[in-house]
Amino acid sequence: MTPPGDGTAEDDYPTLVQHAVSGYVRGQAVFSLVMGFSAGVALWLFGVLGIFPAGRTFAVFFGVFYGLMELIPYLGPVLGAAPPILVALLQGDPLTALWLVLLFIGLQQIEGHIVAPMVFGHHLRINPLLVILALLVGGHLHGIPGALVALPLAAVARVTVLYLRRHLVLEPWGTPTAAALRTAAAADAIAPPAGKAARTGLAAATGPAVQATPVRRP
């Protein structure tokens, strides 16, 4: 359905779509890595400071689990924060659990307003504000599945618009249609007076004609 390219990989629509989707996959991997690393470091600091002693021992496990859960939109941060909070509650320390809840709320705010727009905006070449808008629209329309496919679809839409802008040329307003031109040519071939009338009608339909002023030669 799309216009053909020039035969190169840089101008092949299916290849461009594949690159856009692979860019989303790379962005998701980087995003999960950054958030998992951040969670692990924060829990390790909590362990060093004595706020959450288990964090010093299990920081790597908690960080890896949190990064993997980031693959799931919306529910991922909640699921990733559950293990350390449950450990704190099982140890009978609700105050520590409260500190952990505040920690993960802060991480989610940084994730949604800074990390996600910057990472996906860079890998998908989309404005960070459009990244947030795509996630909101996808989640609003179809919940978690909609948020999961929102960014790949946005990347494909961007590639499609750029490709069509290179290969489609829209005719300006007032340009004679092909059918009108064929009618005028047929009228000229059959009867010159009729052809002249057809051209006059065509000119009146497309716009005012420019009259030539004869030039007297010496």
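The dialogue below goes through confidence, helices, the core and the surface.

Mentor: This is a predicted model, in which local features need pLDDT of at least 70 and side-chain atom pairs count only at pLDDT 80 or more, whereas totals for chains, interfaces and linings use all residues. Residues are numbered from 1 along each chain as its sequence is written, and side-chain values use heavy atoms, with hydrogens and water left out.

Trainee: What is the mean pLDDT of the chain?

Mentor: pLDDT is the predictor's confidence in each residue, from 0 to 100. Here the chain has a mean of 81, and 83% of its residues reach 70 or more. Confidence is highest in helix α2 (residues 53–69), at a mean of 93, and lowest in helix α7 (residues 192–206), at 50. Over residues 205–215 pLDDT stays under 50, and the model has 3 contacts beyond four places in sequence for them; a contact means heavy atoms within 4.5 Å.

Trainee: How many helices and strands does the chain have?

Mentor: Helices (H or I, at least four residues) and strands (E, at least two) are DSSP runs, numbered from the N terminus. This chain has 7 helices and 0 strands. Of its contacts with a separation of 6 or more, 60% join residues 24 or more positions apart.

Trainee: Which residues touch the most other members of the largest nonpolar core?

Mentor: In soluble globular proteins, nonpolar side chains tend to be buried together. A nonpolar core is a set of buried Ala, Val, Leu, Ile, Met, Phe, Trp, Tyr and Cys residues joined through side-chain atoms within 4.5 Å; buried means under 20% relative accessible area, exposed over 50%, and partly exposed in between (1.4 Å probe, protein chains only). The largest core here has 36 residues, of which Phe52, Leu100, Phe104 and Phe120 touch the most other members. Two or more residues come from each of α1 (13–48), α2, α3, α4 (94–124) and α5, with α1 giving the largest share, 11 residues. Beyond its neighbours within four places in sequence, Phe120 contacts Tyr24, Gly27, Gln28, Phe31, Arg125, Val131 and Leu151.

Trainee: Is Tyr74 buried, exposed or partly exposed, and where is it found?

Mentor: Tyr74 lies in the loop between α2 and α3. Tyr74 is partly exposed, because its relative accessible area is 46%.

Trainee: What share of the chain is buried?

Mentor: Buried residues make up 33% of the 218 residues.
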